[in-house]
Amino acid sequence: MPSETLPPAPEMFSRWGAFQTWWGRTNKEQVQIAEARLLSRLQFFSFKGVASTDASNSLTQARVGLVPLSGKNRLINTLIIHQNSSPSAVDTSEAAVESKDEQTDDQGRTPIAQTKLDIKTATDDESMISPPAPGERAIVVCHGYGAGLAFFFRNYLSLSQIPNSKVYAIDWLGMGGSSRPAFNFKHTSKRSIKDVVTDSENFFIEGLEEWRQIQKIEKMVLVGHSLGGYLSTAYALKYPERVEKLILVSPVGIPENPEAQKAPLPEPPKEGDSTGSSQPTRPPSPQASSTPNPPPASSWVRKLAMGAWERNITPQSIMRFTGPFGPSLVAAYTSRRFAHLEDDEQKDLNNYIYHISSKSGSGEYALATILAPGAYARWPLMDRLKDLTMPTAFLYGESDWMDYRAAEKARRSMTVPTVLMRIPNAGHHLYLDNPPAFDKAVLQVITRPWDRK
């Protein structure tokens with residue numbers, strides 16, 4: 001699927017555009033097309049603002065496609081970026097970096113594709129299995145709730161230039177462009193909340209572990225954002241020998257809240273829910289968005305949101321319930337939260353969020369089993385982080401609604417090297433809000449030795 005053949009995303013605030021987006025949800029390729037629009041930008045980023053002649057001369061190659069796991073309807077959407085050799089094909093001398101290329105913009109993008117990008121149109125077992133070369137570091141990026149691997153489209157080029165590294169990004173099972181197996185959980189009087197939480201965590205982390213085995217990755221630097229940070233921590237606790245370093249990007253679930261730990265579990269999704277056919281039985285919350293947010297302030301909205309949470313009515317199910325009005329709900333969120341993006345980026349991200357959210361419900365139903373109303377963990381990481389055995393970094397935006405002070409408190413009981421960084425001019429999506437500062441922080445964490453607490 002060459003990027004030049006991709007149809008443009010419909011307009012965000014046009015009635016016809018909203019109808020086009022809603023009607024297009026029935027096309028199974030729409031998620032792939034929406035993802036490809038964002039990832040195709042990766043081709044045009046130059047290394048340090050210095051361009052090579054064209055993609056054929058670039059040593060950076062990327063591909064995206066599905067990796068089958070065992071069992072029925074279990075496929076992990078995967079992006080792989082690697083360098084054919086080292087050093088880079090472009091001239092990165094000080095003189096070249098200083099002069100840059102006249103055709104690059106202030107973000108280091110050029111009108112000539114710099115990276116060979118292969119977007120798979122079907123599952124290809126062989127091409128999507130790419131073990132790291134001997135001595136090559138595996139960096140695995142995991143998105144948060146309501147998001148997908150294409151959210152990091154502004155970061156992949158910089159991350160792929162980290163020496164002796166291969167970058168992988170996945171969509172969690174049941175989310176993004178991955179398949180949607182049924183998400184089922186049981187809670188009875190004989191089962192504790194921790195039992196239910198563990199089952200929910202395993203739905204994701206066992207998929208990640210099987211994917212790691214298929215890719216033949218012995219050890220990885222695991223980068224997880226928000227809920228992806230929580231799940232990456234759960235994975236690192238269960239499979240510590242497979243994680244070299246853990247980078248938690250504004251992770252959810254660290255602080256303790258006694259009320260959250262006592263909160264009743266949500267109703268299990270009905271059989272129809274896992275296929276996306278059922279609809280919420282309560283009115284949608286006007287504050288619903290495609291990513292979890294702190295509870296609203298007004299009492300009636302709070303009660304409405306809490307009631308929906310307890311019934312496991314997800315933002316995605318609300319969006320699906322509203323039919324042709326769903327794209328407008330997503331557009332209202334995208335235009336507010338990502339207003340700093342360029343217009344074309346905002347439009348393409350909006351279309352991507354809609355299409356990954358309109359797919360059948362699956363992994364989204366884990367949110368209310370892992371987090372209680374208010375986005376506090378039912379089994380907080382505060383007491384679990386001390387059991388980590390690998391160096392751990394915490395990254396937050398300076399305007400982040402996640403409270404970095406919880407991580408500061410947790411670090412006091414951790415016995416491994418830790419570091420906490422706050423990214424300026426950034427909120428919860430710090431990788432999108434301030435890509436250069438975020439990329440620099442990740443580079444420092446991965447490549448520089450650090451043992452400070």
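Here is a talk about the terms and the values behind them.

Mentor: Two bits of housekeeping. This is a predicted model, where local features need pLDDT of at least 70 and side-chain atom pairs count only at pLDDT 80 or more, while totals for chains, interfaces and linings use all residues. Residues are numbered from 1 along each chain as its sequence is written, and side-chain values use heavy atoms, with hydrogens and water left out.

Trainee: Why is Ala 150 called buried?

Mentor: Buried means under 20% relative accessible area, exposed means over 50%, and partly exposed lies in between (1.4 Å probe, protein chains only). Ala 150 has 0% relative accessibility, so it counts as buried. Across the protein, 59% of the 453 residues are buried.

Trainee: And what makes Trp 23 exposed?

Mentor: Trp 23 has a relative accessible area of 54%, so it is exposed. You'll find Trp 23 in helix H1 (residues 15-23); helices are DSSP runs (H or I) of at least four residues, strands (E) of at least two, numbered from the N terminus.

Trainee: Which residues does Ala 150 touch?

Mentor: Contact means heavy atoms within 4.5 Å. Leaving out residues up to four places away in sequence, Ala 150 touches Glu 35, Leu 38, Leu 39 and Tyr 352. Leu 39 is 111 residues apart from Ala 150 along the chain, yet their C-alpha atoms are separated by 6.2 Å. Ala 150 itself sits in the loop between strand E4 (137-142) and helix H4 (156-160).

Trainee: What makes a group of residues a nonpolar core?

Mentor: It's a set of buried Ala, Val, Leu, Ile, Met, Phe, Trp, Tyr and Cys residues joined through side-chain atoms within 4.5 Å. The largest one here has 60 residues, and Trp 211, Leu 222, Tyr 230, Ile 254, Leu 385 and Phe 394 touch the most other members. Helix H5 (residues 193-215) gives this core its largest share, seven residues. A second, separate core has 53 residues, including Phe 151 and Tyr 333.

Trainee: How do you know what span to expect for helix H15?

Mentor: The expected span is 1.5 Å times one less than the number of residues. Helix H15 (residues 435-447) has 13 residues and reaches 18 Å from its first C-alpha to its last, close to the 18 Å expected. Its buried residues include Phe 438, Val 442 and Ile 446.

Trainee: Why might such residues point the same way?

Mentor: An α-helix has 3.6 residues a turn, so residues three or four places apart point the same way.
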